[in-house]
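The following pages lead the reader through a protein chain, from its overall make-up to single residues. Please keep the sequence and the structure in view while reading.

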Amino acid sequence: MTRWAGTWRVPALAVALAAAAAAQDPLAAFDREYAAASAADSRDDLDESARREAYRRALHAFLRVPAALAAPRLPAAGYAAERAGDLRLAAQLYASAAERDPRDAFVVEAALRVSLAMGDARGALARAHAQRHAHPAAVRAFLLAASGAAYGALLEEAGRCLRSGDTALGLFALESLADGRGSSADLCNHALALRFLGRLDESIARYRTALEREPDDVIAWNDLGLAELAAGRRAVALEAFRTSVAREPRPGDGPGTTNLALLARGGLREALPEPLVALRALVAQRPNAELARWLWLDAVLESRLGPADASAQRHDSPARAR
């Protein structure tokens, strides 16, 4: 009986000693807190502040790990810092993790994501561009995961790159988003950049792909018309503008009527046979549409004075000067 009792007490003591040792092991403590944070992250009944607090506890546990032991946990610690809201520390931890293992795709994507979240859209794009061959999947995942303000920051930075002459970086961002996401909006953004650079046939092809996805996109039809017009195909452009107008949910919702009015004013009268009526409806719908309002006033002037007298009046038109 005594022997049986002894064999019971020894394992119990061993378990207690092991638990005590684990409690003093900083790596084990971090692993425990990180696992708890991951579990909290998957729960639907917790709000974001509770999840962030769980990752903050994990991060504090990591900061107690001796530097000599910390290297294998750097990616997880970076993620804990990111989810805890400490982006600067997350960037430092991801950078250290990348130095240790530059092939870690998780770290590559996470570092790009944090850079963008910190407001360095140009730096994030430049690094993504530089890593596009070595880490194509990570770069693609970074670009496609961007949403909301982060997505808007990428688009704005791509536009700045194009305007400043860094066309390779700007096109990389817009083409990657168009190819990866495939939405009509992303395809049209890439098409617009190509038109801006004078690559009209490529731009038109992109617009037509966008319209295959969203055949009722009145902006895409209008912009296709602008690209066709720039390419010298006026009849095709006219048809695109007319299609844009025909597919408006409400008359005047889109820019097609304005471009038809510009064509009519340029001598192609059949583009908009009754500009006064069409432009009046557009201005009533969108009173802040400056160009349309000016074209409407121009049409009013012509209807009252006749084409020749209106042309003379236009020379000094304050609206035109603006």
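**From the whole chain to its parts**

The accessible surface of the chain comes to about 17,700 Å², and carbon and sulfur atoms account for 56% of it. The structure is a predicted model. The chain contains 20 helices and zero strands. Of its 322 residues, 39% are buried. Among the contacts between residues at least 6 apart in sequence, 50% join residues that are at least 24 apart.

Which residues of helix 2 are buried? They are P26, L27, A29, F30, A37 and A40. Viewed down the axis of helix 2, these buried residues fall within an arc of 155 degrees, so they line one face of the helix. The N-terminal end of helix 2 is capped by D25, which has a side-chain oxygen 3.0 Å from the backbone nitrogen of L27.

The next topic is charge. Side chains of opposite charge can pair when their charged atoms come close. In this model the count of salt bridges comes to 19. One of these salt bridges joins the side chains of R73 and D31, with N and O 2.8 Å apart. The pair links distant parts of the chain, since R73 is in the loop between helix 4 (67–70) and helix 5 (74–84), whereas D31 is in helix 2, 42 residues apart. R73 has a relative accessible area of 23% and is therefore partly exposed. D31 is partly exposed as well, with a relative accessible area of 32%.

R113 forms one with E109, and their closest N and O atoms are 3.7 Å apart. Both residues lie in helix 7 (residues 105–117), four residues apart, which is about one turn of the helix. R113 is partly exposed, at a relative accessible area of 27%. E109 counts as partly exposed too, because its relative accessibility is 21% and buried means under 20%.

Helix 7 also holds S115. Is S115 buried or exposed? At 7% relative accessibility, S115 counts as buried. Leaving out residues up to four places away in sequence, S115 touches D120, G123, A124 and R127.

Salt bridges can also form a network. D41, E48, R51 and R83 are linked in this way.

Attention now turns to a later part of the chain. The side chains of R208 and E228 meet in a salt bridge, with a distance of 3.2 Å from N to O. This pair links distant parts of the chain: R208 belongs to helix 13 (residues 200–213) and E228 to helix 14 (residues 218–230), 20 residues apart. How accessible are the two partners? R208 is partly exposed, at 36% relative accessibility, whereas E228 is buried, with a relative accessible area of 3%.

Helix 14 itself has 13 residues. The helix reaches 19 Å from its first C-alpha to its last, close to the 18 Å expected at 1.5 Å a residue. Besides E228, the buried residues of helix 14 are V218, A220, W221, N222, D223, L224, G225 and A227. What covers the buried residues of helix 14? The cover includes helix 12 (184–196), helix 13, helix 15 (234–246) and helix 16 (256–265).

After the helix comes G232, whose phi is positive, near 85 degrees.

Helix 16, named above as part of the cover of helix 14, contains A264. This alanine is buried, with a relative accessible area of 4%. Leaving aside its neighbours within four places in sequence, A264 is in contact with R269, A271 and L272.

Notes
Residues are numbered from 1 along each chain as its sequence is written. This is a predicted model: local features need pLDDT of at least 70, side-chain atom pairs count only at pLDDT 80 or more; totals for chains, interfaces and linings use all residues. Side-chain values use heavy atoms; hydrogens and water are left out. Buried means under 20% relative accessible area, exposed over 50%, partly exposed in between (1.4 Å probe, protein chains only). Helices (H or I, at least four residues) and strands (E, at least two) are DSSP runs, numbered from the N terminus. The arc is that of the directions from the helix axis to the C-beta atoms. A polar contact is a pair of N or O atoms within 3.5 Å; within protein, one must be able to donate a hydrogen and the other to accept it, and residues adjacent in sequence count only if both atoms are side-chain atoms. A salt bridge is a side-chain nitrogen of Lys or Arg within 4 Å of a carboxyl oxygen of Asp or Glu. The expected span of a helix is 1.5 Å times one less than its number of residues. Contact means heavy atoms within 4.5 Å. Accessible areas come from the Shrake-Rupley method with a 1.4 Å probe; for residues, only the protein chains shown count as cover.
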